[in-house]
Amino acid sequence: MVIFLLVLSILTTTLALTSRTTGGLYAQSYQSKLRLAKDAAENGLVVVASEFNYPGNRRVIGGDEGYGINNLDVNPTSSMWGSNEIPPLSSSTDYPNKPCYVYNRGGAIREENDGSPNEEYNIIYKASVVPNRENDNRFDGLSLNNGRHTSWFASIAQGQGNDFHYLGNNQFYRPIALRLYNSNHTIAGIAVEDDVSYLTVAVEGFYSPRQTLNKKRGDIIAYDDVSGDKNSVKYTLQKEFQVVPRCCSKGFGKVNGKSYGPSSADSNSCLATTINTTTEWILRSVSRTSAFNSAP
Amino acid sequence: MRLSRPWLTQGLRFKQPPVPDSFSLLETVLAAVLLVVTTLSTYSLFQVNMNVSKFSHELDAADRELSANMQEIRLLGARLNWCNDTASVSPADCGQVLPLTQSYYSKSLIKKTDATTGVDVDTEFAKACKKDVGLYQFPDRFYFEILSKDDVNASKDPLLTVLVKAIFEYTSNVKRIVLLEKTTRRLLIELEKSVSKGELGGSRKVTRYLYLVPEVAKWCPS
């Protein structure tokens, strides 16, 4: 009896030790996965912001106030370059404002498998709201311009099967909300050329090692595939960027007379500069950051 | 005649107490062996658990080290600026002013007047911005140029040369730096650290990806 109790005691101790160690391992593993998911969200924010700053996308969130919110304003046909190639600024044979053009028919970002532009989804800024449990319309929000996408990498998913973008290292991201504010931090539909604006970008980062088989960086994956993966971890980040208008090819200068850079050109009257250019909008600095949990 | 109380004549009879026999001795020995084996097994399991726990702690430490590296590299990206016709990651070179601040530059970065001809010409910054950016053609948009420490070349991109070199010098955990997109200078920095499994044998690599766009690149006119 004594021996039996002794063995039982040893077994109990062993199980307790194993349980404690295993629990610790799980906790550390989860913490590591959470860091990876957070990194994915951070990286996604970098990608989305640089997409907005890419030539051809710099005018998608801004426009002239007088035009109001419409297709011509957000995606002006008058400044639309007719191909998927924008010549270098330094070439004397090219117009100096071509880097400010919006690409024709949405081929700028989204490509078919053969590299040709996908003409189905034009590049367009699409305002949205931050999703929450009560908001069934979480991917749409304020709808501008027939729900077309901002860009392949900065688009708000709408069940197109292109929800998550693969960053490599088992990490994915997807932008889930964009919201534009004017300089007084009230909601705006479009960035104006005579004042700074603020753009908040919310991005979900996912660490999901089971979804990466045969995936290459830049590949896309459907939301349903990731959301049902119990081995994945999600982290949501939101950052706010200052949106500074400036004259294309001039760099940062004045905004309605106030200096935001060394250039003497004023974003409110770019056409009056020596070499006529058009206004473009650059996401410059992060002014506010927040992290929050959201339901899977 | 049968006596009703036989012990009165036969005396009291007591059952003999059990005495150790050969089987009982074997049981004790086996119990002792079992106890030793169980103790050794427990010790072994405990050691394995300790090793695994130690390995897990080392993995976690490596993970946190890479996270700290990434944060420092982000700061390097934020500090990269352009002063006196060259790039620098040292704020002292630009009077402690960073590209994030609104008053980053007091003079034009784009054009300057040539003292001889009196004609406006591109500054070194403007030239650096255009350097090797090339055509904005989509097939070339994702420009997978791997930048190694020994391959840092100012002729490729004067804006990034100083930053890439500083990143490599900051930590040996950087495995490679890839220039993903030329125009906005989007970099992919891959960090890697090997962790030995100790008595378990072998090693395991912890990998982290960092996407970085230096703030100064936004000041480019192009």
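In which strand of chain B is B:S194 found?

Author: B:S194 is found in strand β7 of chain B, which spans residues 186-196. Helices (H or I, at least four residues) and strands (E, at least two) are DSSP runs, numbered from the N terminus. This is a predicted model, in which local features need pLDDT of at least 70 and side-chain atom pairs count only at pLDDT 80 or more, while totals for chains, interfaces and linings use all residues. Residues are numbered from 1 along each chain as its sequence is written, and chains are lettered from A and ligands numbered from 1 in the order in which they are written.

B:S194 is exposed, because 10 other C-beta atoms lie within 10 Å. For such labels, a residue is buried if 20 or more other C-beta atoms lie within 10 Å of its own, exposed if 12 or fewer, and partly exposed in between, with C-beta atoms placed from the backbone. Not counting residues up to four places away in sequence, B:S194 touches B:S203 and B:K205. Two residues are in contact if their C-beta atoms, placed from the backbone, lie within 7 Å. B:Y43 is 151 residues apart from B:S194 along the chain, and their C-alpha atoms are separated by 29 Å.

From the N terminus on, its elements run α-α-β-β-β-β-α-β-α-β-β-β. Of the 222 residues in chain B, 29% are buried. Among its contacts between residues at least 6 apart in sequence, 57% join residues at least 24 apart.

Chain A can be described in the same terms. The secondary structure of chain A comes to three helices and ten strands, in the pattern α-α-β-β-β-β-β-β-α-β-β-β-β along the sequence. Buried residues make up 46% of its 296 residues. Where contacts in chain A join residues at least 6 apart in sequence, 64% of them link residues at least 24 apart.

One strand of chain A deserves attention. Strand β7 of chain A (residues 233-247) is mostly covered, with twelve of its 15 residues buried. Strand β5 of chain A (residues 197-207) pairs with β7(A) in the antiparallel sense over eleven bridges; two strands pair if DSSP finds at least two bridges between them. Within this pairing, A:V201 stands opposite A:K239 in β7(A).

The next topic is the nonpolar core. In soluble globular proteins, nonpolar side chains tend to be buried together. A nonpolar core is a set of buried Ala, Val, Leu, Ile, Met, Phe, Trp, Tyr and Cys residues joined through C-beta atoms within 7 Å. The largest one here holds 86 residues, of which A:V243 and B:I189 touch the most other members. Helix α1 of chain A (residues 2-52) gives the largest share of this core, ten residues. Leaving aside neighbours within four places in sequence, A:V243 is in contact with several residues, including A:I61, A:Y198, A:L199 and A:W281.

A:N169 is partly exposed, because 19 other C-beta atoms lie within 10 Å. A:N170 counts as buried, because it has 21 C-beta neighbours inside 10 Å.
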